[in-house]
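This report describes one structure for a reader who has not seen it before. Please look over the sequence and the model first.

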Amino acid sequence: MEHLERCAWFLRGTLVRAAVRRYLPWALATSMLAGSLLKELSPLPESYLSNKRNILNVYFVKVAWAWTFCLLLPFIALTNYHLTGKAGLVLRRLSTLLVGTAIWYGCTAIFSNIEHYTGSCYQSPALEGIRKEHQSKQQCHREGGFWHGFDISGHSFLLTFCALMIVEEMAVLHEVKTDRSHCLHTAITTLVVALGSLTFIWVWMFLCTAVYFHNLSHKVFGTLFGLLGWYGTYGFWYLKSFSPGLPPQSSSLNLKQDSYKK
């Protein structure tokens, strides 16, 4: 338990700061551009992380929203109920996960449709010999073809959105004080370590996507969608009364408004 406490203390000190919430979006956008330029101008040699079958990609990134949803659900419920004691407010705050699910589903559907309507089926990865008889990506792949369209980076979108959402929700830890001997303390500490570790994985895999996969325009649009999803909710809608609201904090609305004005 002592090691868990130390890890939670480090993660709280690293991720819960207002400066992290303010500058992480800029850091992600800058690293995406820098990594993409590195990929174009001086590609890194292939490594384990450049293989799409690497364990982090297969078991974490491919189901990034499921991991984020399943860990934020108990975290939001426990911390918000501990601070407010109001079940109705907790349910309202949990609706942020429904909003996030809608954003994830809607954006991935948009990306899929864009790739479909801008794509064609080819006989080889070199885009030779177009196969006009195959009008969908699924049919093309089923017949051994190679589909090429404008493939907006779903990884750039989802990893950006998930990392920023976790950091926003962890801001509630400024207010959470629990008795170390209480089981609630153990539960919240465990969730802090899990969510903090997950955030570092999302940021690391975002950087790997920038330097190894997709072209610049695909990653620009993917990252932009992620930033818009985050800012449209936590930076705009959740400041309004008719919304799931922000995590409960002292003067949270004023602090939030001030941070986005800077």
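## Two annotated spans

In this predicted model, residues 220-239 are 75% helix and 0% strand, and the end C-alpha atoms of the span lie 27 Å apart. Residues 90-111 are 100% helix and 0% strand, with 32 Å between the end C-alpha atoms.

Both spans come from a UniProt record, an unreviewed entry, which places the feature "transmembrane region" at residues 58-78, 90-111, 146-167, 188-214 and 220-239.

## Helix 7

Helix 7 runs over residues 154-170. At 1.5 Å a residue, its 17 residues should span 24 Å, and this agrees with the 24 Å between its end C-alpha atoms.

## The cavity

Rolling a probe the size of a water molecule over the atoms shows where empty space is left. The structure holds one cavity of 30 Å³ or more, and the volume of the largest cavity is about 30 Å³.

The lining of the largest cavity is made up of Val20, Arg21, Leu24, Pro25, Leu164, Val167, Glu168 and Trp230. Helix 2 (18-41) and helix 7 are the elements that give two or more residues to this lining. Helix 2 gives the most, with four residues. By type, the lining has six nonpolar residues, no polar ones and two charged ones.

Technical notes
Residues numbered from 1 in each chain as written. Predicted model: local features only at pLDDT ≥ 70, side-chain atom pairs only at ≥ 80, totals over all residues. Heavy atoms only, no water. 1 Å grid on protein atoms, 1.4 Å probe; cavity = no way out; pocket = protein on both sides within 12 Å on 5 of 7 lines; lining within 4 Å. Points joined across faces, edges and corners; volume = space filled by probe spheres on them. Nonpolar A, V, L, I, M, F, W, Y, C, P; charged D, E, K, R; others polar. UniProt positions renumbered as here; feature names shortened; annotations may be inferred. Expected span 1.5 Å × (residues − 1).
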